[in-house]
Structures are given as C-alpha cells and as structure tokens.
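Hi there,

Here is the structure I promised to pass on. Have a look at it first, and then read my notes below.

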Amino acid sequence: MNAVTLFNHSINLNIQQHSFSFPPAANPKWPRASSSSIRRRNASSGTRPSSSPLVVEVESKAVSDSEQTPPPSVARRLILLRHANSSWVDPSLKDHDRPLSERGQADAVKVSLKLQQLGWIPQLILSSNAVRTRETLTIMQQQVRGFLEAEVHYISSFYSIAAMDGQTAEHLQHIICNYSRDDILTVMCMGHNRGWEEAASMFTGASIELKTCNAALLETTGKSWDEAFTLAGLGGWKLQGIVKPVRL
C-alpha cells in the first residue's frame, strides 16, 4: 500500500467513525399579510437571489364594498297627531296640566287601532310633555303593542312652539333629524294646534284641518331624514290620509 492509498483509507475510516449532526434549516415565520395582493421583489429576475431577507409588500383595499354602494332611497313616513280631547272640569289647572276627557280617552283607543290596521306604527315617537299628550300616548301604548315598543322622547318645546305662527314645521324638521336615525322609517310627532295644522299644511302644500285626536299621514322618500326633508322641501310631502276617530 503506497502513501496515497494509505492516506485515503485513513479519511474513509474517520468519516465512518464520526456522525455529523447538522442544524435544521432556518424557517423564519413571516408576518401574515392582511391582503390577498402580495408581491415579491426580484421574483422574476434572472439574477441569483441574495442572502438578504425576502421583502414582502402588502397592499390593502382603499374602499370596502359597503362604502362603494350608497344606501338606497326609501319611503319615509311622518305621522302628525294632535292630542285627544282634554277636560276643562277643573278650572284651577294650568293649560299644560289638563288631563283627557272621557271622550278623549275613547278617541285615543280608536285612533291607535286604526293606525295599527293601516300599518302605520311608528318606530320613533316625539311628543309634547303636556299631560293631555302624555295620556293620549299612554292609552295608545296600552291598546297596540307596537306603540309600546317604539322609542319615545318627550320634547318640552313642542308645547310652546305650536302657539308661534309659522315656526312649527321648521322646528319639527330639526327635532326629527336630531333624534332619528336612517334605519327609522316611520316617525310620529304628537302635539297641539295651531302648530300641527300649520306644519301638516306646509309640508304637503294643502290646507289640512286637524281636530283633536286627528292624525295626518305624510310620506316622502330619501336615503336619510335630512335628505327626505331637503328633497321634499315645503309642499313636497304626499298626504296619504287623515285618521279620525269614528264617533257613534
């Protein structure tokens, strides 16, 4: 055995007698991309990739699908209800504190049932805080569950604004837009004359008379209540009818 053969044989013996353990290949965990649009730099390049980390670029959507689709214009309904007949039995009471008469109580029952029959059940009720208006609403809530489930707010200014010439319509618009939401499609405002007659007449462009416990049913369209009032303006609301209690 010459010297070269002896040297190679020694290397083979050393390799067979030693086991080598190599560390596993690095497997870095890359951040998960938040968009399906990912591009890798130099992916199509013919050059040999460098040993620097892979650069990931993330592109996010600028506008979601819901933001691209505008909300639809839908029918919006407004009920203008004058309170039921009040009692004058006790002359010592202030006007604000007068309760309903027996006739007024009966009328409130009839009108609530008629509105239910017509399908005009409000999701939002804005009412004067006068006693006769509160009692009218309480009776309606006792008769029809839908009135009880509606969101209710008592607006003290409804009592005073009704006595001011020509200001009720603008005031109602402001209050409705302030308290309502776009998903509320039917609103009922309960108050007093002469403001309620004036507002109904100004909204529709027709001469409307509202006796006690009469309800004017108005309708227009809009993506929001603000848009509905803007597009309809004064005189643009459609009068769908006037609900009156039928007295025998």
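With 6 of its 6 residues buried, β6 is largely enclosed by the rest of the structure. Helices (H or I, at least four residues) and strands (E, at least two) are DSSP runs, numbered from the N terminus.

Before going further, two notes on the source. This is a predicted model, in which local features need pLDDT of at least 70 and side-chain atom pairs count only at pLDDT 80 or more, while totals for chains, interfaces and linings use all residues. Residues are numbered from 1 along each chain as its sequence is written, and side-chain values use heavy atoms, with hydrogens and water left out.

**The sheet**

Strand β6 belongs to an open sheet of 6 strands, ordered β5-β4-β6-β3-β7-β8, and the pairing is mixed (two strands pair if DSSP finds at least two bridges between them). At the edges are β5 (151–155) and β8 (238–243), each pairing on one side only. From one strand to the next, the twist averages 20° (axes are lines fitted to C-alpha atoms, for helices over the stretch in contact, and angles run from 0 to 180 degrees between N-to-C directions).

Both neighbours of β6 in that order can be followed residue by residue. Strand β3 is joined to β6 by 6 bridges, and the two run parallel; here R77 stands opposite T186. Strand β4 (residues 124–128) is also parallel to β6 (residues 186–191), with 4 bridges between them. On that side, L124 stands opposite V187, and L126 stands opposite C189.

**Helices on the sheet**

Helix α3 (residues 102–118) lies across β3 (74–82), β7 (215–222) and β8, and runs at about 140° to β8 (contact means heavy atoms within 4.5 Å). Helix α8 (residues 195–204) packs on the sheet too, where it touches β3, β6, β7 and β8, and its direction makes about 155° with that of β3.

Like β6, α8 is largely enclosed by the rest of the structure, as 7 of its 10 residues are buried. Those buried residues are G195, W196, A199, A200, S201, F203 and T204. Following α8 comes G205, whose phi is positive, near 80°.

What about α9 (225–232)? Its buried residues are W225, A228, F229 and A232. They cover an arc of only 90° around the axis, which puts them on the same side of α9 (the arc is that of the directions from the helix axis to the C-beta atoms). T230 and L231, on the other side, are exposed. The buried residues pack against β3, α7, β6, α8 and β7. Just after this helix, G233 has a positive phi of about 60°.

**The cores**

The largest nonpolar core has 26 residues, and L78, L80, L126, V187, C189 and F203 have the most contacts inside it (such a core is a set of buried Ala, Val, Leu, Ile, Met, Phe, Trp, Tyr and Cys residues joined through side-chain atoms within 4.5 Å). Two or more residues come from each of β3, β4, α7 (168–179), β6, α8, β7 and α9.

L113 lies in helix α3 and is partly exposed, with a relative accessible area of 37%. Beyond its neighbours within four places in sequence, L113 is in contact with Q143 and V144. The C-alpha atoms of L113 and Q143 are 7.2 Å apart, although 30 residues separate the two along the chain.

Overall, the protein has 9 helices and 8 strands, and 35% of its 248 residues count as buried. Of the contacts between residues at least 6 apart in sequence, 77% join residues at least 24 apart.

Best wishes

Conventions: Buried < 20%, exposed > 50% of the residue type's maximum accessible area, 1.4 Å probe, protein only.
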